[in-house]
Amino acid sequence: MTASVDAPWQAAGARADIADGDRREVELENGELVLLVGAEGRVFACAADCPHQDSPLCDGIVQGRLLTCPLHFWQWDLNDGSPVGLAELPLRVFEIREVDGQILVRMDD
Ligand code: FES
């Protein structure tokens with residue numbers, strides 16, 4: 001059975017491919033890069049690059065629901081992208097859902 005999805009939802013790969021601690025950069029059908037992060041038994045989707053100086057967050061550190069940029073150690077809560085500790089800017093996060101084992105990321109303009 002093929003998933004039927006609304007236009008803003010973009011396919012981002014198989015849920016089974018993302019384990020806790022994984023960070024995987026994915027290019028969506030619309031050409032946007034997002035980072036999928038496995039944490040606490042869930043998958044989160046966020047911007048692929050750091051809002052500070054665009055460092056790739058695929059090299060970031062995952063601890064619980066916190067993602068840490070490896071360059072200057074800004075941290076965010078993956079649940080809502082809110083800054084933690086040193087971080088001065090929020091991280092863009094995206095709503096996701098799972099349909100038939102596939103991760104879909106909501107991309108609103
Ligand atoms: S580039 Fe990420 S914290 Fe500076």
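Start by selecting residues 33-39 and 42-47: these are strands β3 and β4, joined by 6 bridges and running antiparallel. Strands here are DSSP runs (E, at least two residues), numbered from the N terminus. This is a predicted model, in which local features need pLDDT of at least 70 and side-chain atom pairs count only at pLDDT 80 or more, while totals for chains, interfaces and linings use all residues. Residues are numbered from 1 along each chain as its sequence is written.

**Stop 1**

Pick Ala 39, then look across to Arg 42 in β4, which stands opposite. Now widen the selection. 4 strands form an open sheet in the order β2-β3-β4-β9, with antiparallel pairing. Its edges are β2 (23-27) and β9 (93-94), each pairing on one side only. Two strands count as paired if DSSP finds at least two bridges between them. Strands of a sheet pair through backbone hydrogen bonds, either parallel or antiparallel.

**Stop 2: the core**

Select Val 34, Leu 36, Val 37, Phe 44, Ala 45, Cys 46 and Leu 78. Within the largest nonpolar core, which has 26 residues, these touch the most other members. Such a core is a set of buried Ala, Val, Leu, Ile, Met, Phe, Trp, Tyr and Cys residues joined through C-beta atoms within 7 Å. Buried means that 20 or more other C-beta atoms lie within 10 Å of the residue's own; exposed means 12 or fewer, and partly exposed is in between, with C-beta atoms placed from the backbone.

Which strands each supply at least two residues of this core? They are β3, β4, β9 and β11. The largest share, 5 residues, comes from β3.

Zoom in on Phe 44. Leaving aside neighbours within four places in sequence, Phe 44 is in contact with Val 37, Ala 39, Leu 78 and Val 93. Contact means C-beta atoms, placed from the backbone, within 7 Å.

**Stop 3: Trp 74**

Go to the loop between β6 (66-68) and β7 (75-77), where Trp 74 is found. Is Trp 74 buried or exposed? Trp 74 is buried, because 24 other C-beta atoms lie within 10 Å. Not counting residues up to four places away in sequence, Trp 74 touches Cys 50, His 52, Cys 69, Leu 86 and Ala 87.

**Stop 4**

Select β1, β11 and β10. These 3 strands form an open sheet in the order β1-β11-β10, and the pairing is antiparallel. The edge strands are β1 (9-14) and β10 (96-99), each pairing on one side only. 4 bridges join β10 to β11 (residues 102-106). Arg 97 stands opposite Leu 104 in β11.

**Stop 5: two aspartates**

Most residues other than glycine have a negative phi. Asp 100, in the loop between β10 and β11, has a positive phi of about 50°.

Next, pick Asp 54 in the loop between β4 and β5 (61-63). Asp 54 has a positive phi of about 60°. Asp 54 also counts as exposed, with 11 C-beta neighbours inside 10 Å.

**Last stop: confidence**

Colour by pLDDT, the predictor's confidence in each residue, from 0 to 100. The chain averages 93, and 93% of the residues score at least 70. Then select residues 1-5, where pLDDT stays under 50 and the model has 6 contacts beyond four places in sequence. Where pLDDT is low, the predicted coordinates should not be read in detail.

Terms used
Two residues are in contact if their C-beta atoms, placed from the backbone, lie within 7 Å.
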